[in-house]
Amino acid sequence: MRRLVDVVAVLLTWEVAVRLLGVSSRVLPPPSAIAVQLMQIPGVVFTAAGYTVTSAVLGYLAAAAVGIALAVMLAHVPLLERSLLPFFVASQAVPVIAFSAIVILWAGNGPLSKIAIAFYLSFFPVTVGTVRGLQASDPMAVALLRTFGARTWTILWKLRFPTALPYLFVALRIGTTTALIGAIVGEWFGDNRGLGTLILHALYTEDTVRLWCGIVACAVVGAAFYAVVAALERRLVWWPAPALDH
Amino acid sequence: MNPDKLTLERIAKTFAIEGRHLPVLRPLDLRVPEGEFLTVVGPSGCGKSTLFNIIAGLLPPDPGGVLRIDGRPVDSPLGRVAYMPQRDLLLPWRSVLDNAILGLEVQGVPRDEARRRARETMPQFGLAGFEDFYPFALSGGMRQRVALLRTFLFEADIMLLDEPFGALDALTRSILQEWLAGIAVRYRRTILFITHDVEEAIFLGDRLLVLTARPASLKLELKVPLPRPRRPELVTSEPFVALKRQVLEAIREESLRSFSTQATVEPG
């Protein structure tokens, strides 16, 4: 409720300021104009959002699955971890988005290339986060399970994986953003559908209001994606866990 | 005399730290008859926990040492000894009931059966009605009892308790000591119990070992001929105080010795 009031207050201030100061619609349209435009082309925006979200979510799910599987492997094979993990961590500093053009060349203009880019951007953080989480188990708790006769897989399932969940979800929340960025930017490199395309077309035709429609749609979709994962996190990690957000 | 449950023959441990050899445990021979409550005291850092880690199977002893359970040598005691470390190590995502059955689950007992057994035993551990609570809602004393129940339910004839009451306040501690003494009499498990609290060691034990400062060896072995059940007021009785004086003296000598040799490498 409080948040709703905040949002309405911001929108009102925006509306009033733009009108009072006589700001041109080309620079910053009032929210009412964006709303009107959205009402006129709901189908266009919906279709575009649907396309982009599908690529982002598919890439994201693949990233989560591959990232977790890879992390389990890395956490259990010290040699792999020592040789691969530093490379992964370092690669997070590289703007991998620069490779997008290559991905379009390889995977074409369709959804596959967007899924690949979304996957690529999300799976590094998921892998690194999960490895950290899998290694965060209390060594004494591991020892305790061993005295009960537990082997590697039992320890993974009963102790390491639940311990890793909070770490995993920090990465998964970051992943929603990176996957969406991947899908949108992927469209800029080559596609004729999606929110990225809608924004690019609006830019070329200097249709500022339509541009803002695209931005609003991206924001809503991104927030919703994040909210779904955060809700899942609250359901699965309900016990008091160490605070991991920086 | 009952047959020996646990036998240690020349069990020793030397750690290699940065190329230097650090003997932690001198070759130790020990026989623990079935059903005995054996308490082990020694100055801090003397290697008590190393001894327990070896008996639990977490650390291999130096070559030449033999560990026997029921007279038969065992390669690895993993899965055969119920070990309770100092901290309760309850899993925050498991309820009290499910924490208690962790060992049984690993042993392969079906979950329903394990839960049934845990439910039956809960009242003796003062946990009736707390089955569905989660660890973060429990007091320290209660968490420790859940950990004890987990250790107890695990199907092993030998229980290793490493300072289970070390982190508790004095009052909770004394209540739990009396309770554990009762449990031990009732179920006749073979129990090895580490503590640095001399009073606790005498109050609980049938027999008491004092270890020397590192490298640990046997400093003093003492029968505790006090009748059971033991009540808290026992600690002020004449025979109890006499035993305590004897043990304190032995342990004080060793503490002073370990204090003056602290400069050696600390164990990891």
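Domain bounds here come from an automatic or database domain assignment. On that basis, chain B of this predicted model splits into domain 1, covering 4-80 + 157-264, and domain 2, covering 88-155. Taken over C-alpha atoms, the centres of domain 1 and domain 2 of chain B sit 25 Å apart. The two do touch: 13 residues of domain 1 of chain B are in contact with 11 residues of domain 2 of chain B.

Next comes the sheet of chain B. Its 6 strands run in the order S6-S7-S8-S3-S9-S10, forming an open sheet with mixed pairing. Strand S6 (81-84) and strand S10 (218-223) of chain B are the edge strands; each has a single partner strand, so one side of each is left without a neighbour in the sheet. From one strand to the next, the twist averages 15 degrees.

As for how the strands line up, strands of a sheet pair through backbone hydrogen bonds, either parallel or antiparallel. Strand S7 (residues 158-162) and strand S8 (residues 190-194) of chain B go for the parallel sense, with 5 bridges; here B:Leu160 has B:Leu192 in S8(B) as its bridge partner. Strand S3 (residues 37-41) of chain B is also parallel to S9(B), this time over 4 bridges, and B:Val40 is partnered by B:Leu209 in S9(B). On the other hand, S9(B) and S10(B) pair in the antiparallel sense over 5 bridges, as a hairpin with 6 residues between the two strands. In that pairing, B:Arg207 stands opposite B:Lys223 in S10(B).

Because 5 of its 5 residues are buried, S9(B) is largely enclosed by the rest of the structure. Both faces are covered, with B:Arg207, B:Leu209 and B:Leu211 buried on one side and B:Leu208 and B:Val210 buried on the other. So B:Arg207, the residue facing B:Lys223, is itself a buried one, that is, under 20% relative accessible area.

Over in chain A, helix H4 (residues 78-91) has 14 residues and spans 20 Å from its first C-alpha to its last, close to the 20 Å expected at 1.5 Å a residue. Even so, H4(A) is not straight: there is a bend of about 35 degrees at A:Leu84, and a proline, A:Pro86, follows within four residues. The buried residues of H4(A) are A:Glu81, A:Leu85, A:Phe88 and A:Ser91. An α-helix has 3.6 residues a turn, so residues three or four places apart point the same way. The buried residues of H4(A) pack against helix H3 (42-76) and helix H6 (111-134) of chain A.

Methods: Residues numbered from 1 in each chain as written. Chains lettered and ligands numbered in written order. Predicted model: local features only at pLDDT ≥ 70, side-chain atom pairs only at ≥ 80, totals over all residues. Heavy atoms only, no water. Pairing = 2+ DSSP bridges. Axes fitted to C-alpha atoms, helices over the stretch in contact; angles between N-to-C directions. Expected span 1.5 Å × (residues − 1). Bend = angle between axes of the 7 residues up to and from the residue. Buried < 20%, exposed > 50% of the residue type's maximum accessible area, 1.4 Å probe, protein only. Contact = heavy atoms within 4.5 Å.
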